[in-house]
Protein chains: 4
Amino acid sequence: MTGTRPTRRKRANGVESRQRILDAAVQIASERGYEGTSIAAVSARCGLPASSIYWHFKDKDDLLAAVIERSFETWLAALDLPGEETGTPLQRFVAVGAAVAASLVNAPDFLRLGLMLALERRPEEPRGRAVFLQVREVARQRFIEVIETLLPGLDPADVRTVVTYALAGADGLFLQREIHGDAVDLAAMFELHARLVYEAALRMAPGASHDHAKP
Amino acid sequence: MTGTRPTRRKRANGVESRQRILDAAVQIASERGYEGTSIAAVSARCGLPASSIYWHFKDKDDLLAAVIERSFETWLAALDLPGEETGTPLQRFVAVGAAVAASLVNAPDFLRLGLMLALERRPEEPRGRAVFLQVREVARQRFIEVIETLLPGLDPADVRTVVTYALAGADGLFLQREIHGDAVDLAAMFELHARLVYEAALRMAPGASHDHAKP
Amino acid sequence: MTGTRPTRRKRANGVESRQRILDAAVQIASERGYEGTSIAAVSARCGLPASSIYWHFKDKDDLLAAVIERSFETWLAALDLPGEETGTPLQRFVAVGAAVAASLVNAPDFLRLGLMLALERRPEEPRGRAVFLQVREVARQRFIEVIETLLPGLDPADVRTVVTYALAGADGLFLQREIHGDAVDLAAMFELHARLVYEAALRMAPGASHDHAKP
Amino acid sequence: MTGTRPTRRKRANGVESRQRILDAAVQIASERGYEGTSIAAVSARCGLPASSIYWHFKDKDDLLAAVIERSFETWLAALDLPGEETGTPLQRFVAVGAAVAASLVNAPDFLRLGLMLALERRPEEPRGRAVFLQVREVARQRFIEVIETLLPGLDPADVRTVVTYALAGADGLFLQREIHGDAVDLAAMFELHARLVYEAALRMAPGASHDHAKP
DNA sequence: TATGAATGAGACTTCATTCAT
DNA sequence: AATGAATGAAGTCTCATTCAT
């Protein structure tokens, strides 16, 4: 009873433990997928007993959903979208692509985990999968709005096509980088991707001159 | 009905049993991924006891590598590439895209399983992952040759860029369809992809008019 | 009967459970050897589920090493070596033999298990085997010191010979009793052994009359 | 139909296969004991399929009994007992010890396997254990006769004591060598053993001068 | 806020053995 | 004289989870 602060030993308890568990779980889930992530492995990596994990999370499914959620927040924080509307539409398009590319290099867990979950088709869908798909759907809607703003008058079906193609390219380039590592220059690839998508959208817009379409 | 006793069960038949096991394993692995594929589940689906699976395959890893191998062969058989050189280069390019799209709709197991494995990063890599990456590398090399033939004089770095972008798009579009199902018209998306890739390659080639490149 | 509820089962008690497991394992290992000791059999005999055994021991090898360790301690506790230096050297020698004989009758597990393990030559040596050999080497060294004290001036090579012969006799007599049961009077045999070893050592010592050595 | 010998391909069939199986089984049983000797391991080491082993042997127990039997014969063939009665009784005694020592160095399988089996106490005794104990009992009886011939008039109880001690020493010294390898000079140890046993027997005989027995 | 201990279910794999050829 | 294939039982061990403290 010498100092002023009353019994505050071991510092930050609950919150810090929760973070340690999530940190461990992200790593292991990234390595081994949903089924491959065992509570015992998470426990071993974070140093807390398995029963403590169940104090913080209802069950394994809950833990992995939390992992997805937190990795989404981390990714969102890493996503530094260009602020004001400067430059030509194409330039802004390319800048968005650059921001996404950078975020995927710096915070790849969200997409990696999400795609892993998305590829599986098990009868009882993990909650984490639903979280990923829902978050992704939000992003998709927002992107649709962007395109609609950029190219008003574009047919809704064409908007969906462009957005689907844009997202597919992003996923695919990310995969490429996951597979081949630094051999893939994600920034350069995303710039190319942004240009191609932009042009494709432009050409679909009413009044566009289809000069390249066919020779 | 003298000579046709209807498939007397239990009559040892190695080849057929192996197929039955692989059939069951492809289905389950497609649903649940590598770890999620339990020998018991495969045994239940194919009707052979678990111990019989070990007569045909050394262990689970060996089984799943065989699954990848066979699903690759199945996919290759489903891939009906356009034969002779008819039409313009762009038309041929688009035709290849159409063939790939169709093969991925009809025989999606190879890419689905492969991408699942490719996304994982476990310390001791499953053999199936290595098989997938190796097969994919072969395809990549062949595609590089195609591009080089089509556009001689293209800078090697540009060839790699184009090929990476082409594969990324294929993977990404496939993913999109896996996630959203029939809402994605793979044929249409692949035609768009083929056109964009072709144009991009064309524009990189020496002597092309770089009118869109930078403002 | 208010304060004595009779050993409420299921009340987690690590120490006691560990003992129960070891008790069961010693019995079964004594009957059936290393490979013959199945976790299921231990589980059945101690009443704890197999998975609980793995809470207390890393794996089967770890369990059997612990069995060896504990049976050594049990044997050591049963080994009531004569305390002070009373009587002639021969008498003291014989008294040690008697103590060892008694300990082997009362606590035979250590040597039985140890010899079982020692006889095997498997490529990856069980840890229990190493524990046995190491403990035995300590005993051997201590016995060497005893001989050196008793018969100073004895050639080191002769000391080793005497000690090897003494241990061999102990092992062999124990084996004889394991095989023929009570038909072997271990006490009498160890007395004979003690006398013979003592005489042999005496005769090797410098200054002894080598009348029998060689004709 | 060109040569004289009619279809004799692959040479020596049944007999040779049986030998190959036994050769493999001796090795594996020496390494891993009774339970540790799996049919699959024997099959792998001898190159014949497991089902072929069952053509030659009724079951695993039968195989291991045959292993014991054959290793006994091998040992007996290696045991080159001194022929005629030359030299003093002690010299003959020592010569027998030397022959036994040599046989155990050259053909150790029989005793190694036998002692492994003898130490176990499983409810349903393996047939190999019975074979070993029976063969050993024959040897014991023959040794009793030798002692009775050598020292007529020796009390039957003393004869049994001497024989038990002699066998125990042999077993123990063999064990020592199994454990410590070439560090144990089995020939020298057996000579010492022979001398000590001989003297002990001599001293028990009626009319002997008990000068060392008790102080 | 945690955790030591326990537990049934189920994972992968090997076992000894049989059977039809 | 042999063997490819099959099989139920059993092996070791891990799983997700719970519970009393």
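Hi everyone, let me start with a charge and a ring: B:Lys60 lies over the face of B:Tyr34, at 5.6 Å from the ring centre. By "over" I mean that NZ of Lys or CZ of Arg is within 6 Å of the ring centre and within 35 degrees of the ring normal. Chain C has such a pair too, with the charged end of C:Lys60 placed 5.6 Å from the centre of the C:Tyr34 ring.

Some housekeeping. This is a predicted model, where local features need pLDDT of at least 70 and side-chain atom pairs count only at pLDDT 80 or more, while totals for chains, interfaces and linings use all residues. Residues are numbered from 1 along each chain as its sequence is written, chains are lettered from A and ligands numbered from 1 in the order in which they are written, and side-chain values use heavy atoms, leaving out hydrogens and water.

Now, on to aromatic pairs. Rings of Phe, Tyr and Trp (its six-membered ring) pair if their centres lie within 6.5 Å; planes under 30 degrees apart are stacked, over 60 edge-to-face, and the rest tilted. That rule gives 24 aromatic pairs over all chains. One of them is C:Phe72 with C:Phe110, a tilted pair with 5.0 Å between centres and 55° between planes. The two residues are 38 apart, C:Phe72 in helix α4 (residues 60-78) and C:Phe110 in helix α6 (residues 109-119) of chain C; helices here are DSSP runs of H or I, at least four residues, and strands are E runs of at least two, numbered from the N terminus. Both C:Phe72 and C:Phe110 are buried, meaning under 20% relative accessible area with a 1.4 Å probe, protein chains only. Over in chain A, A:Phe72, A:Trp75, A:Phe110 and A:Phe132 form one aromatic cluster.

How do chains A and B relate? A rotation of 179° with 0.0 Å of shift along its axis superposes chain A on chain B, RMSD 0.3 Å, by least squares on C-alpha atoms of residues with pLDDT of at least 70 in both. That is the relation of a two-fold axis. In chain A, the C-alpha nearest the axis belongs to A:Gly172, 2.1 Å from it.

Last, chains C and D. Here 46 residues of chain C are in contact with 47 of chain D, contact being heavy atoms within 4.5 Å. The area buried between chain C and chain D is about 4400 Å², with 63% from carbon and sulfur atoms; that is accessible area (1.4 Å probe) lost on being put together, summed over both parts. In chain C, C:Leu119, C:Arg121 and C:Tyr165 lose the most area to chain D, together 17% of what that side buries. Thanks, everyone!

Note on methods: Buried means under 20% relative accessible area, exposed over 50%, partly exposed in between (1.4 Å probe, protein chains only). Buried area is the accessible area (1.4 Å probe) that two parts lose on being put together, summed over both.
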